[in-house]
Amino acid sequence: MIPELEKFKGFSAKNLPKEEPLAPGHRACQGCGEVLALRMVMKALGKNVIVCNSTGCMEIITSPYPQSAWRVPWIHIAFENSASVASGVESALKVMRRKGKFPKKHVDIMAVGGDGATGDIGLQWISGAMERGHDFLYVCLDNEAYMNTGVQRSGCTPYGAMTTTSPPGSQSFGQVTWKKNVPAIMVAHNIPYVATASPAYYLDLMNKIKKAALVKGPAYVHIYSPCPTGWGSPGEKSIEYARLAVETKIFPLYEVIEGRYILSRKISKPKPVEEYLKGQKRFKHLSQEHIDYIQKRVDAEYERIVRLSQMG
Amino acid sequence: MAKRVGIEVSIAIAEAVKLADADVIPAYPITPQTHIVEHLSELVANGELDAEFIPVESEHAAMSACCGASAAGARTFTSSSSQGLSLMSEILYIPSTMRLPIVMVVANRALSAPISIWNDHQDIMVQRDIGWIQTFAENGQEAVDLTLHAFRVAEDRKVSLPMIVNIDGFTLSHVIEPIEIPDQEEVDKFLPPFKPRYKLDPRKPISMGPVGVPEVYTEAKVALDNALKASKRVVLKAWDEFAEIFGRKYNPVETYRTEDAEVLLVTMGSISETAMTAVDAMRDSGQKVGLVRIRLWRPFPSVEFRKAAGKAKVLAVIDRCLPPGAVCGPVGEELRSLFYKVPGAPKIFSFVAGLGGRDVTVERFEEIVDKAKAYAKRRPKELYEVIGVREK
Ligand SMILES: Cc1ncc(C[n+]2csc(CCOP(=O)(O)OP(=O)(O)O)c2C)c(N)n1
Ligand code: SF4
Ligand SMILES: [Mg+2]
């Protein structure tokens with residue numbers, strides 16, 4: 001067990017922080033699941049944090065100068081490099097503390113980016129920061145495409161999904177590849193803490209963020225973030241879809257603490273994937289054959305996680 | 001007392017960074033910059049320099065980490081070259097507008113293809129417009145002095161801009177020269193601690209690097225341009241103070257035997273030393289030739305350059321960079337604009353020489369001067385000429 005987590009006291013519905021380090025009034029679309037998740041992340045972290053943000057929806061909607069939704073120190077440099085920026089911030093605080101130029105008190109450092117920033121263009125930067133062991137947490141807000149630039153596919157776009165660069169056509173059925181398993185790549189870095197989370201399970205999400213911040217060394221949290229604009233789903237259903245993704249086993253919730261998988265929520269009575277797929281425009285074109293394939297593979301992937309969690 | 005020692009220039013630069021007590025050094029190795037960062041990591045490993053050396057996985061990450069470290073209020077240094085500098089390129093434009101005073105030594109090297117580890121100025125010339133203050137060193141002592149000067153200028157609150165010191169790869173980085181390594185006490189007198197006006201600190205949260213909507217983007221860029229131009233005063237003042245403390249005086253533009261000169265060679269960096277030898281030889285044979293060397297490249301010292309050029313009739317400008325398809329090399333272009341329609345302006349001829357480690361010898365300089373003289377009488381067909389291209 002990680003010593004920092006031994007006496008871990010989680011949030012409960014009764015002791016939710018009132019503070020909103022991410023202010024309302026930003027410019028996200030109605031029903032944006034990503035900014036909702038980010039709000040929960042920030043509530044869990046509080047104000048003693050420095051945020052390094054990748055280019056993407058969250059950066060754009062929170063910072064149109066001269067307005068800013070950030071009540072904590074925040075920096076944006078570019079798209080792929082928030083983990084390196086965080087490396088610099090972390091190293092700076094470390095040495096400045098040693099030299100008496102910064103208070104000894106711990107400050108959390110978070111790098112945050114979308115699935116594109118994390119799993120595609122920024123993978124090397126994150127890998128470097130994880131491998132070097134900086135004391136920071138990286139949060140990936142996965143809305144399964146490059147939303148900021150108009151819904152292009154990413155490595156995290158799910159199988160079959162329509163995006164503007166994976167359009168279905170006579171020769172294609174949308175995204176032809178299976179979703180990249182970014183959390184597993186992070187686990188391969190032997191970092192102390194990796195978790196997946198969903199805004200539909202807000203306490204679970206906030207507790208995982210808190211743990212990721214507490215752990216010494218690098219930590220990674222991958223958050224499922226419905227995007228009504230990119231998915232073609234009703235804005236008021238973002239949380240419903242986030243929950244369905246878990247209940248259908250499409251997005252299993254788990255932690256990997258020092259390499260050990262722990263299921264956060266065992267799905268004993270899974271809903272069929274179809275329930276999740278329907279109602280989202282991005283999957284509308286899929287045939288029964290595709291849906292059956294997705295069902296089979298989702299079950300198998302989920303079983304893999306279950307088996308990993310049984311390895312102890 | 002400062003000691004004069006025989007030392008490799010790269011090692012001496014690292015020692016200067018130690019004297020500056022840098023806090024964070026994110027770096028990635030590339031020839032011919034390696035000895036600088038190797039020695040720095042050694043100094044950190046030995047506890048001689050209390051800094052965080054971040055062995056990043058690429059130059060892009062190095063510059064990104066520099067931005068984070070500098071924004072958090074740390075004195076930040078890195079070094080790169082050629083392909084590495086190009087890989088950083090996306091990020092280089094950012095700390096200038098965000099006013100993060102990172103100091104970088106660039107060991108100038110050619111750009112691929114073909115891959116070449118040898119010296120010219122193509123790597124830095126493609127980064128001309130990144131908005132950093134830039135100087136060029138001629139020798140090892142200057143490389144050390146300009147490195148200390150860079151911290152002093154960059155971090156000055158009136159400036160708050162990143163700064164590059166260019167040193168020629170191999171011809172400077174890898175040679176052993178007699179260099180006076182300054183005393184710590186003197187350095188401390190010259191270089192106050194870094195106290196940024198703004199930094200990332202939860203006690204006083206600010207947002208850095210927001211979206212520049214069309215209503216503010218122009219103003220942000222104009223602010224950078226103004227700051228870069230205004231930095232010249234601090235650059236000069238810091239050189240004055242440097243001279244007072246260390247006894248070595250630097251100017252944005254240096255002249256050599258320019259009095260009564262009719263033809264002036266114009267150079268940057270270490271080839272200026274050979275150019276001086278060439279000037280001596282030509283003077284000996286009765287030619288009125290001198291040399292103007294540009295030390296401060298950005299902001300461009302227009303007034304100082306015009307003054308240095310004096311009443312010369314011909315400028316033979318040497319670029320160590322060949323921008324394909326352009327009207328001439330970047331230094332040539334700069335000077336042609338500078339003198340455009342200025343009454344009594346000299347005729348300016350642009351030469352490209354010394355690419356990818358090709359030596360520029362005394363004879364080459366003589367050839368350049370001969371050509372410039374001839375062109376002054378009879379306009380050349382081309383706007384520039386590449387010197388020393390082999391026939392076979
Ligand atoms: C180097 C670079 N390439 C491309 C872009 C254009 N770009 C900006 S944001 C973005 C997509 C962001 O996608 P993601 O990381 O998933 O975040 P989201 O907007 O979906 O939250 C792209 C392609 C860029 N800013 N920089
Ligand atoms: S495009 Fe999607 S992720 Fe971006 S702000 Fe809108 S709803 Fe949120
Ligand atoms: Mg995305």
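1. Start in helix H12 of chain A, residues 288-310. Arg304(A) and Glu301(A) both sit there, 3 residues apart, which is about one turn of the helix. They form a salt bridge in this predicted model. The closest N and O atoms are 3.9 Å apart. Arg304(A) is partly exposed, at 31% relative accessible area. Glu301(A) is partly exposed too, at 27%.

2. Lys371(B) and Glu367(B) lie in helix H12 of chain B, residues 362-377. They are 4 residues apart, again about one turn of the helix. Their side chains meet in a salt bridge, 3.0 Å from N to O. Lys371(B) counts as partly exposed at 24% relative accessibility, and Glu367(B) counts as partly exposed at 21%.

3. Now take a salt bridge between two separate elements. Asp260(B) pairs with Arg283(B), and the closest N and O atoms are 3.0 Å apart. Asp260(B) is in the loop between strands S10 (253-256) and S11 (263-267), while Arg283(B) is in helix H9 (271-284), so the pair ties together parts of chain B that are 23 residues apart in sequence. Is each partner buried or exposed, or in between? Asp260(B) is partly exposed, with a relative accessible area of 49%. Arg283(B) counts as buried, at 15%.

4. Some salt bridges join up. Glu138(B), Glu142(B), Glu254(B), Arg293(B) and Arg295(B) are linked in a network. Over all chains, the structure holds 43 salt bridges.

5. Next, the interface. How many residues of chain A are in contact with chain B? The number is 43, and they touch 41 residues of chain B. The area buried between the two chains is about 3,200 Å². Carbon and sulfur atoms give 62% of that area. Tyr65(A), Ile77(A) and Lys99(A) supply 17% of the area that chain A buries against chain B, more than any other three residues.

6. Which elements of chain A face chain B? Strands S1 (49-53) and S2 (74-76) each supply at least two residues, as do helices H3 (57-62), H4 (82-98) and H6 (123-132). H4(A) gives the largest share, 12 residues. The side of chain A that touches chain B divides into 22 nonpolar, 12 polar and 9 charged residues.

7. Check the metal site. The protein donors of the magnesium ion (ligand 3) are Asp115(A) (OD), Asn143(A) (OD1) and Ala145(A) (O). In sequence the spacing is D-x27-N-x1-A. Asn143(A) is buried, at 4% relative accessible area. Ala145(A) counts as buried, at 3%.

8. Look at the backbone too. Cis peptide bonds join Thr31(B) to Pro32(B), with omega about 5°, and Ala113(B) to Pro114(B), with omega about -5°. Pro32(B) is in the loop between strand S2 (24-26) and helix H2 (34-45) of chain B. Pro114(B) is in the loop between strand S5 (103-108) and helix H5 (122-125) of chain B.

9. Two non-glycine residues have positive phi. Lys249(A) is near 75°, and Asp21(B) is near 55°. Lys249(A) is buried, at 10% relative accessible area. Asp21(B) counts as partly exposed, at 33%.

Note on methods
Residues are numbered from 1 along each chain as its sequence is written. Chains are lettered from A and ligands numbered from 1 in the order in which they are written. This is a predicted model: local features need pLDDT of at least 70, side-chain atom pairs count only at pLDDT 80 or more; totals for chains, interfaces and linings use all residues. Side-chain values use heavy atoms; hydrogens and water are left out. Donors are N, O and S atoms within 2.8 Å of the metal (3.2 Å for Na, K and Ca); water is not among the atoms, so sites may look incomplete. Buried means under 20% relative accessible area, exposed over 50%, partly exposed in between (1.4 Å probe, protein chains only). Contact means heavy atoms within 4.5 Å. Buried area is the accessible area (1.4 Å probe) that two parts lose on being put together, summed over both. Ala, Val, Leu, Ile, Met, Phe, Trp, Tyr, Cys and Pro count as nonpolar, Asp, Glu, Lys and Arg as charged, and the others, Gly among them, as polar. A salt bridge is a side-chain nitrogen of Lys or Arg within 4 Å of a carboxyl oxygen of Asp or Glu.
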